[in-house]
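Let's take a walk through this protein together, moving from its overall layout to a few individual residues. Keep the 3D view open beside the text as you read.

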Amino acid sequence: QRVLGIEGTAWAASAAVYEVDADEVTIESDPYQPESGGIHPREAAEHMSEAVPSVVETVLETARDRAADDEDRGPDDAPIDAVAFSRGPGLGPCLRIVGTAARAVAQRFDVPLVGVNHMVAHLEVGRHYSGFDRPVCLNASGANAHVLAYRNGRYRVLGETMDTGVGNALDKFTRHVGWSHPGGPKVEDHAKRGEYVDLPYVVKGMDFSFSGIMSAAKDEYDSGTPVEDVCRGLEETVFAMLTEVSERALSLTGREELVLGGGVGQNERLQGMLREMCAQRGAELSVPENRFLRDNAGMIAVLGAKMAAAGDTLAIEDSAVDSDFRPDEVAVSWRAGEPE
Ligand code: ATP
């Protein structure tokens, strides 16, 4: 089995082929880089319409090369067995381009179409490579921040952001400072040379809020505090919030495994804080490779393969995208029959 994945919810025009038996993923991505400011939905969609066809064509070449060696596949057979695409959440104009591309490829090869929830893909790829059965998952991405755990056929949202996504919050601060997008890696770099400054820490119940801390960080910078110090304060405070809620989720669920997902998950300080928290409570942390943390089609193909194997496919007429697709809306077909 070989599954093509297509991703394009925001900035990464990405395609991948997943070789199910070899458990091998080839990813081809073309990032959208705004000339100024943050992600402009219209520009991002223009990027998708140019870049998605070419990344898809590149990985299809790989699929064709591999298919030539398949014993059970003739020269006229499709080189792939299913097409999976990010159905949401994300920017509507980008999602529609990805949806159209996926439908076209599925029809061209007459193979099933699989609609993948992008957030569930962030955590399922981590679970896939962790080998964990019942982890709590922390998704720390650009437009989102969730703590989730599987129970009774769904990923339950145990905690989430009450306002902006965690990466978007960091990006808003760096935009204020005049740095180019994306800001997260620059915050990480500058924080290494900074002294901690106090910023508001907001966790309410199991949810976190990032908008107050962003305004406070901007004010701190405007009042002359060195940017390195503000970056350090930001990292320590924001990541302590994520770590606290993850720890409480482990404690409440009685689980002993934590999987990290999302582009902000590439941050080594965040990984370090989670590792320390897990070590203190005898839990295990799994962090996938960076190529699976940031937006990528590999995670779409990996989850798409599990969904296709469970028969969880879409008719073309039911395959509309959903920009507000929540992870807890997904009926987890591929884990049916697991004890809970
Ligand atoms: P979502 O998956 O919620 O749709 P997204 O599409 O914005 O989010 P991701 O690739 O998951 O994409 O995350 C991108 C975010 O990760 C950006 O906000 C970026 O600043 C942030 N980021 C990337 N590297 C780092 C880092 N080293 N430290 C902190 N943040 C980072």
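This is a predicted model: local features need pLDDT of at least 70, side-chain atom pairs count only at pLDDT 80 or more; totals for chains, interfaces and linings use all residues.

The domain assignment of the protein gives domain 1 as 2–121 + 293–335 and domain 2 as 132–289. Where the two touch, the contact takes 16 residues from domain 1 and 21 residues from domain 2. On the side of domain 1 that touches domain 2, you will find 10 nonpolar, 2 polar and 4 charged residues.

Setting aside neighbours within four places in sequence, I300 is in contact with G5, I6, E7, A16, A84, F85, S86, V116 and A121.

The axes of α3 (residues 118–130) and α10 (residues 297–309) come within 8 Å and cross at roughly 75°. Angles of 65 to 115 degrees count as roughly perpendicular, so α3 is roughly perpendicular to α10.

Helix α5 (residues 184–191) and α7 have axes that come within 8 Å and cross at roughly 110°, which makes α5 roughly perpendicular to α7. Here V187, H190 and A191 in α5 meet V227, E228, C231, R232, L234 and E235 in α7. The contact of α5 with α7 has 5 nonpolar, 1 polar and 3 charged residues.

Now for D171, which sits in helix α4 (residues 166–177). Is D171 buried or exposed? A residue counts as buried if 20 or more other C-beta atoms lie within 10 Å of its own; D171 has 24, so D171 is buried. Not counting residues up to four places away in sequence, D171 touches G38, H181, P182, G183 and G184. For a sense of scale, D171 and A78 are 93 residues apart in sequence and 42 Å apart in space, C-alpha to C-alpha.

Two of the residues that D171 touches, H181 and P182, are joined by a cis peptide bond with omega about 0°. P182 lies in the loop between α4 and α5. The peptide bond from G88 to P89 is cis too, with omega near 0°, and P89 is found in the loop between β4 (82–88) and α2 (92–109).

Finally, have a look at two loop residues with backbone angles worth checking. D23, in the loop between β2 (12–19) and β3 (24–31), has a phi near 50°, a positive value in a residue other than glycine. N152, in the loop between β7 (145–151) and β8 (154–160), likewise has a phi near 50°. D23 is exposed, with 11 other C-beta atoms within 10 Å, and N152 is exposed with 7.

Technical notes. Residues are numbered from 1 along each chain as its sequence is written. Domain bounds come from an automatic or database domain assignment. Two residues are in contact if their C-beta atoms, placed from the backbone, lie within 7 Å. Ala, Val, Leu, Ile, Met, Phe, Trp, Tyr, Cys and Pro count as nonpolar, Asp, Glu, Lys and Arg as charged, and the others, Gly among them, as polar. Axes are lines fitted to C-alpha atoms, for helices over the stretch in contact, and angles run from 0 to 180 degrees between N-to-C directions. Helices (H or I, at least four residues) and strands (E, at least two) are DSSP runs, numbered from the N terminus. Angles under 35 degrees count as roughly parallel, over 145 as roughly antiparallel, 65 to 115 as roughly perpendicular and the rest as oblique. A residue is buried if 20 or more other C-beta atoms lie within 10 Å of its own, exposed if 12 or fewer, and partly exposed in between; C-beta atoms are placed from the backbone.
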